[in-house]
Each structure stands twice: as C-alpha cells, then as structure tokens.
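Trainee: Can you take me through this one? I'd like to start with the sheet and then look at the cavities.

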Amino acid sequence: VDIKQALTALHTKIKAIPHKGSRASYIPELSHVDPNKFGVFLAHLDGNGCGVGDYQEPFSIQSIAKVLSTTLAYKLGGESIWSRVGVEPSGTAFNSLLQLESDLGIPRNPFINSGAMVICDILISTLENPKEDFLAFVKTISNNKSLKYSTHIAESEKDVGFRNIALCNLIKSFDNLDNSPEEVLDFYFNLCSLEMTCEEAARLFLYLANDGLALDQKTQILTLSQSKRINALMQTCGFYDESGEFSFKVGLPGKSGVGGGILAILPEKFAILVWSPRLNDKGNSYKGMLFLEEFTTLTEQSIF
Ligand code: GLN
C-alpha cells in the first residue's frame, strides 16, 4: 500500500464519520479551537514526509510534551529518576488523585499529570533557567528556532487548574518534590502549552524512531537503551486508562494530549502525528485513535 494514498484515503474517510466527543473545555483557551480541524503528518527517517488536511496549523500539544520533559530528565538524571516516578501503567485517568495517596506520592509513570510534575521538579533542580533551558533543548532537537510556549494557554489553565494544584500539593506532602508546588506548576503548565504543527511535531519526535539519534544523525539525544525505554513507556502508559486499548487497536508506542494530538512511533521507520480536537471520555482524540487504528491495519505497519 502506498503511504501517501493511504493517508489521503483515510483522512477523507474518517473526516466524513460523524463526530463523537468534545474539546477539552476545562482549559478555557482550548474550547476556542475549531473542533473540525483534522491534520496528519507522517515523517520518515529518511527525511521524507507526507501531510494531509490541517497539518501545517499549530495546535496545543499538551501532554505530548511530557515525552520531551521525560526525555530531558532521563538524559540528565539517568536511571536515578525512576526512584521518584514509576514505570507502570496507572489504569486511572490522567489527572486522578486516587492512586497517588496509596502509592505514597510516587506517581505510577511520567505521562500522567502527577508523574509529569515530578519530572518538572527534577528539571527545575537540574537546569539553571528551567523554562528557557528546556525550550532551548526542544529547539535544538527540532531544529526549529521559532518554537515557543503559549502564555495565554498556560495562564488560562493555571486559573482553573484546581485539580492539578491538588495533585502537586499532595506530592509535596509526601516529600517527593524538592521545589515549591508553585514553581513546579508554573513549569508544568508552560510545558503543556507548547504549540506546534503536525509536521513540526512528527519531525521533532523522529529521534524516538531513530534509536535516540537526532535528525542530523550525529547528536545522541538519548542512548539506544533510553530511547527503547521511552518507547516502552509510551506503549504501556501513553493513553492513561486507554493505553491497553490503543496498543490493542493501533499497535504502536504513542502519546496523546488533550489538545487532540496523538503521536505514534514505528521504530526504525517513522513518526506520525494526528490532530483532531474532539476527545473521547478518556481524554484521547476520538478521530485520532480511529485514524491510527485504520492506518496500521491498512498499511500493516505496526510493531507486532
Ligand atoms: N495540561 C493538561 C492537564 O494538566 C494536560 C493533560 C493532557 O493532555 N492529558 O490537565
């Protein structure tokens, strides 16, 4: 099957399917996004790529950015970071408080909100100017100097982020934060506010299809083993309490965000980014999941 034809045919087919779900309106700024947007970009390791629909329009990558924060913390802190955050699927919602209490403040994995906050705390303690240095890191691996945080999305989420504030304070009460909850939340909301297009994001995450090596084929962003492990975490934990379902239907490591984006990786081959803002009740893009399920079925490209 020709990849470009498959992308185009599936985009047309799935765009026409009746919508289900709704935008992440709990973040006020995200409820202004046109819910009918639908873009896909597939970036190959050889530098070629192929896009359909709204793939050149920037969107809020939200939790997909947790892959980037985990990458940098892992790169800088090595295996020691896993004493502060686990590597098990949570089986609970991305913003659940329940497990954190019984697990004594050690989040199950770095891709749920609590885990991402602990990773933010590690980065704040490690970097001299956390927000600036993190953004500089993302710019380096993306080779895209224009990337920036969306201050209005970060502020909009901060204003109503009562549950995230509760999570962060709960972690602090268990002594699993070195910095203040205010600093950690500020970094966390900015991390989630990163905006990019499907094409920029697919190209940016190609290092995970490339054994940790940057696109220039010279810079080692992660070691081979670390890159394998980030993929393993995406496979088991990338979709919160729908991680099993994504693995079952799509068969690729991936990560979703409440902006409606889904990243998926086929190691040694490609990174693909699908964006459609309406979410199912687990907070994952309804059409994004459907698209990737049909894509891996049609092209027979999955890790299994
Ligand atoms: N910023 C969002 C939140 O903290 C990220 C959640 C997500 O994308 N799943 O609620």
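Mentor: A definition to begin with: two strands pair if DSSP finds at least two bridges between them. Strands (E, at least two residues) and helices (H or I, at least four) are DSSP runs, numbered from the N terminus. This is a predicted model, in which local features need pLDDT of at least 70 and side-chain atom pairs count only at pLDDT 80 or more, while totals for chains, interfaces and linings use all residues. Residues are numbered from 1 along each chain as its sequence is written, and side-chain values use heavy atoms, leaving out hydrogens and water.

Trainee: OK. In what sense do β1 and β2 pair, and over how many bridges?

Mentor: Antiparallel, over five bridges, with β1 covering residues 39-44. Gly49 in β2 is the bridge partner of Ala43.

Trainee: What is the strand order in the open sheet?

Mentor: The order is β2-β1-β7-β6-β5, five strands with antiparallel pairing. β2 (49-53) and β5 (254-256) are at the edges and have a single partner strand each, so one side of each has no neighbour in the sheet.

Trainee: Which strands does α1 lie across?

Mentor: Helix α1 (residues 3-16) lies across β1, β2 and β7 (270-275), at about 15° to β2. Angles run from 0 to 180 degrees between N-to-C directions, with axes as lines fitted to C-alpha atoms, for helices over the stretch in contact; contact means heavy atoms within 4.5 Å. Helix α12 (residues 286-299) also packs on the sheet, where it touches β1, β6 (261-266) and β7, and its direction makes about 145° with that of β7.

Trainee: Switching to cavities. How many of 30 Å³ or more does the search find?

Mentor: Two, over the whole structure. A cavity is a set of points, on a 1 Å grid over the protein atoms alone, where a 1.4 Å probe fits but cannot get out; lining residues have an atom within 4 Å of a point. Points are joined across faces, edges and corners, and a volume is the space filled by probe spheres set on them.

Trainee: Which residues lie nearest the centre of the largest cavity?

Mentor: Ser96, Gln99, Leu100, Ile112 and Ser114, out of 14 lining residues. Helices α3 (98-102) and α4 (113-126) each supply at least two residues of that lining.

Conventions. 1 Å grid on protein atoms, 1.4 Å probe; cavity = no way out; pocket = protein on both sides within 12 Å on 5 of 7 lines; lining within 4 Å.
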